[in-house]
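Open the model in your viewer and keep the sequence beside it. The tour below goes from one selection to the next.

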Amino acid sequence: MIEPGDGLVDAAHLAGVPDEFQRLWTPHRMAYIQAGPDALNDDCPFCAAPGMSDEDALIVARGRTAYVLLNLFPYNSGHLLVCPYRHIPMYDDATPEEVAEIGALTQTGMRVLREVSRCHGFNLGMNQGQVAGAGIAGHLHQHIVPRWATDANFFPIIAKTKALPQLLGEVRSAVAGAWPAAS
């Protein structure tokens with residue numbers, strides 16, 4: 001995390017011709033640009049993620065029937081997803097064990113995000129089916145979106161842009177490092 005006094009330089013004093021635009025640097029997005037639009041449509045990313053390293057898949061915790069990872073397209077820094085390992089589309093398809101673990105992982109995720117990011121609240125939710133807005137309708141997933149009293153600005157409304165102050169890898173390290181060990 002960048003702290004005051006870390007040697008940041010006002011861009012107006014750097015080489016080039018200053019203009020009225022502020023730059024929003026999002027280098028992590030280059031992976032999606034280079035992969036092209038079809039790369040995200042081939043396989044279920046929630047089925048593929050558990051077979052990858054935690055760092056590569058952005059997984060922060062693994063349970064017996066479900067796991068937690070960062071959203072690749074976060075609404076806010078720390079936006080987590082809780083997914084069952086099984087490829088099921090709807091909440092009522094989940095077993096009682098999956099429902100219980102998704103709930104427990106959601107609670108732990110909230111506690112960890114509160115500790116790591118000092119958020120003030122959360123949006124929790126599941127979009128069930130493509131018609132309800134599920135981006136990946138075939139695989140159930142619960143969203144945990146941390147919120148702060150000061151996180152609203154004009155970007156999402158006017159420019160359809162979210163300003164994210166931390167890179168995904170940094171957030172994954174912080175959340176995974178604060179996640180309690182399995183008992």
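A residue is called buried under 20% relative accessible area, exposed over 50%, and partly exposed in between, with a 1.4 Å probe and protein chains only. This is a predicted model, in which local features need pLDDT of at least 70 and side-chain atom pairs count only at pLDDT 80 or more, while totals for chains, interfaces and linings use all residues. Residues are numbered from 1 along each chain as its sequence is written, and side-chain values use heavy atoms, with hydrogens and water left out.

**Whole chain.** Colour by secondary structure, where helices (H or I, at least four residues) and strands (E, at least two) are DSSP runs numbered from the N terminus. There are 6 helices and 5 strands, in the order α-α-α-β-β-β-α-β-β-α-α from the N terminus on. Of the 183 residues, 32% count as buried.

**Helix α4.** Select residues 96–117. How far apart are the end C-alpha atoms of helix α4? They are 31 Å apart, which agrees with the 32 Å that its 22 residues should span at 1.5 Å a residue; the expected span is 1.5 Å times one less than the number of residues. Among the buried residues of α4 are Ile102, Leu105, Met110 and Leu113. The buried residues of α4 pack against β2 (66–70), β3 (80–84), β4 (121–125), β5 (142–147) and α6 (168–178). Arg118 follows α4 and has a positive phi, near 55 degrees.

**Salt bridges.** Next, show the charged side chains. A salt bridge here is a side-chain nitrogen of Lys or Arg within 4 Å of a carboxyl oxygen of Asp or Glu, and the structure holds 3.

- Select Glu98 and Arg86: their closest N and O atoms are 2.7 Å apart. The pair joins helix α4, which holds Glu98, to the loop between β3 and α4, which holds Arg86. Glu98 is buried at 4%, whereas Arg86 is partly exposed at 39%.
- Select Arg172 and Glu55, with closest N and O atoms 3.4 Å apart. Arg172 lies in helix α6 and Glu55 in helix α3 (residues 54–57), so the pair ties together parts that are 117 residues apart in sequence. Arg172 is buried at 8%.
- Select Asp54 and Arg62, which meet at 2.7 Å, N to O.

**Cysteines.** Finally, select the cysteines. With a disulfide taken as a pair of cysteine sulfur atoms within 2.5 Å, the count comes to 0. Cys47 has its nearest cysteine sulfur, that of Cys44, 3.7 Å away. Is Cys119 buried or exposed? Cys119 is buried, at 6% relative accessible area, whereas Cys47 is partly exposed at 36%.

Notes. Contact = heavy atoms within 4.5 Å.
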